[in-house]
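Subject: Structure for you to look at

Hi,

Here is the structure I promised to send over. Please open it next to this message and follow along.

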Amino acid sequence: MTGQDPYVAFLWQVPAPGSTERNSPCYPLSRTQSVTVGRDLHCQIILDSHLFGMVSRRHAQIRPVLNFKTQVREPIWEICDLNSANGTYLNGYRLSGCQILQVGDRITLGANGPEFIFECHLAEPPRSSSLAAQPNQQKASSLGVSASPAKGVRLRSTDSVTLTQLFPILSTGKELAHKAYLVPGIITVGFVVLMFAAVGQPIAFNLLLATYLVGAAFYLVYQLCGKRKPWWVLAAALGVMVLILRSPILPAFIVVFRQILPGRLPAPGESVSFLSLITGMFFGAGLMEELLKAIPVLLAYWCGRWVRSPWQEKIGVWEPLDGILLGTAAAAGFTLVETLGQYVPEIEQQSGSLEGLQLLIPRVLGSVAGHIAYSGYLGYFIGLSVLKPRKRWSILSIGYLSAAILHALWNAAGTINALFLMVVGGVSYTFLAAAILKARQLSPTRAQNFATRLSSPAD
């Protein structure tokens, strides 16, 4: 054994209850490299998505530990949970962070997920015949290892310090972009620096602040949806919305919905009945603005029909999640133009720039329960109509009217009292969240969804 590592470590996968499988897989562990367990194809131990839906794409990692305390360098490994949705359990207790492993530890991925047993033995098995009949040794002997712990092997040490503990970036660097919200953090720093540079320039400062806040609101929806959509497609939906609002399309819509149809909005200070108010808001705000914001979604659907795969999946609308993401991106553009181009300048002319800033923040943040909520909800129905083309027109009609009603109630609630406005906003966001959860259920690409599951994988 001179010049060779005398120890062999591995994970033995415990057969599922009722399984007739005789030979459960054993996975060797390296003394120099980490082993990641999950459903992602880049993991070293890959679990079937259909059998183990409770397992995250990158669920847990077994890492070798450099032991500076001992002179003979006995092997030590630790297990780390990689922010999995359903948790990693060690001997029945949910793991928080990392934990040193010892022989016989039982690792469970999720409360009722696949189970593994950690083993570490001398590579040359003992000759005791009394151990030959033990099941664990039969598993280990297939790899040329012993099923009994080697004497003197230190498998749990609270005093050992690993290189990755001293320099965390060495082990987590590859996961930063996926697990630690590295890109949002860098974007935040960039906006902060730009806002410092824009101090004393109200127009530039307001534009930067509004863009950041609406981006944060959209990012919340994106994370809830859990479907990857190219950033340039979402940016294009936002840009198309801005162009529409700056084109002759908007005046044409105003003529149709607010002059031909009964959608006239009351002038500031004008007293009207609630019925007249809600009617005007339904036609002049709900129906008009929701149809405007649906145009980029419908354009994406049309473009997706004319290109080939994989571009058609990237650009087009093929399921409700596509409609929600594109609808909320269009709503982000609508919010920016409406807030910065209309409401903030009006109040700044009357009261000053401070009041304009005070209006900008709640209007943009509130868009997640306002324009983003209505448009995302309508986008769900546009995507649903693609999945169920025979019911297309009834699905689109229900979605369009529902989004318009929510929009009208929000606008009308603002003239009544703040409590009513809070209730309507909460209801609107609840409708959007319910649509997102249902869209994730219906998604043909559900296995690739990265959204966090709060309870069970059957959401």
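Below is what I found, starting with the whole chain and then going through it by topic.

**Overall picture**

Please keep in mind that this is a predicted model. The chain has 459 residues, and 43% of them count as buried. It holds 15 helices and 11 strands. Take the contacts with a separation of 6 or more: residues 24 or more positions apart account for 62% of them.

**The disulfide**

How many disulfides are there? The count comes to 1. The partners are Cys 80 and Cys 98, with their sulfur atoms 2.0 Å apart. The link of Cys 80 and Cys 98 is right-handed, with 115° about the S-S bond.

What does the pair tie together? Cys 80 sits in strand E6 (residues 76–81) and Cys 98 in strand E9 (residues 98–100), so the bond joins parts that are 18 residues apart in sequence. The two ends are placed as follows. Cys 80 is buried, at 2% relative accessible area. Cys 98 is partly exposed, at 38%.

Cys 26 counts as buried, at 18% relative accessibility. Cys 43 counts as buried too, at 6%.

**Helix pair H14 and H15**

Next, go to helix H14 (residues 392–413) and helix H15 (residues 418–442). Their axes are 8 Å apart, and they pack at an angle of about 160°. Are they parallel or antiparallel? Angles over 145 degrees count as roughly antiparallel, and H14 and H15 are therefore roughly antiparallel to each other. Their crossing is left-handed.

Which residues make the contact? H14 brings Leu 406, Leu 409, Trp 410 and Ala 413. From H15 come Phe 420, Leu 421, Val 424, Gly 425, Val 427, Ser 428 and Phe 431. By class, the contact of H14 with H15 has 9 nonpolar and 2 polar residues.

**Helix pair H5 and H6**

Now turn to helix H5 (residues 182–197) and helix H6 (residues 202–225). The axes come within 9 Å and cross at roughly 165°. That makes H5 roughly antiparallel to H6. H5 passes H6 in a left-handed crossing.

On the H5 side, the contact residues are Pro 184, Thr 188, Phe 191, Leu 194 and Met 195. They meet Phe 205, Leu 208, Leu 209, Thr 211, Tyr 212 and Tyr 219 in H6. By class, the contact of H5 with H6 has 9 nonpolar, 2 polar and no charged residues.

Start with Gly 333, in helix H11 (residues 320–351). Is Gly 333 buried or exposed? Gly 333 counts as buried, because its relative accessibility is 0% and the limit for buried is under 20%. Leaving aside its neighbours within four places in sequence, Gly 333 is in contact with Leu 238, Met 241 and Val 242. Ala 236 is 97 residues apart from Gly 333 in sequence. In space, the two are 9.9 Å apart, C-alpha to C-alpha.

Then look at Trp 12, in strand E1 (residues 7–13). Trp 12 is buried, with a relative accessible area of 11%. Its C-alpha atom is separated by 6.5 Å from that of Phe 118. Along the chain, Trp 12 and Phe 118 are 106 residues apart.

**Two asparagines with positive phi**

Which residues show a positive phi without being glycine? Asn 83 is one of them, with a phi of about 55°. Asn 83 lies in the loop between E6 and strand E7 (88–90). At 57% relative accessibility, Asn 83 counts as exposed.

Asn 91 is another case, with a positive phi near 55°. The place of Asn 91 is the loop between E7 and strand E8 (93–94). Asn 91 is partly exposed, at 37% relative accessible area.

Best wishes

Notes:
Residues numbered from 1 in each chain as written. Predicted model: local features only at pLDDT ≥ 70, side-chain atom pairs only at ≥ 80, totals over all residues. Heavy atoms only, no water. Disulfide = S-S within 2.5 Å. Helix = DSSP H or I, 4+ residues; strand = E, 2+ residues; numbered from the N terminus. Buried < 20%, exposed > 50% of the residue type's maximum accessible area, 1.4 Å probe, protein only. Axes fitted to C-alpha atoms, helices over the stretch in contact; angles between N-to-C directions. Parallel < 35°, antiparallel > 145°, perpendicular 65-115°, else oblique. Left-handed = near helix turned anticlockwise from the far one by under 90°. Contact = heavy atoms within 4.5 Å. Nonpolar A, V, L, I, M, F, W, Y, C, P; charged D, E, K, R; others polar.
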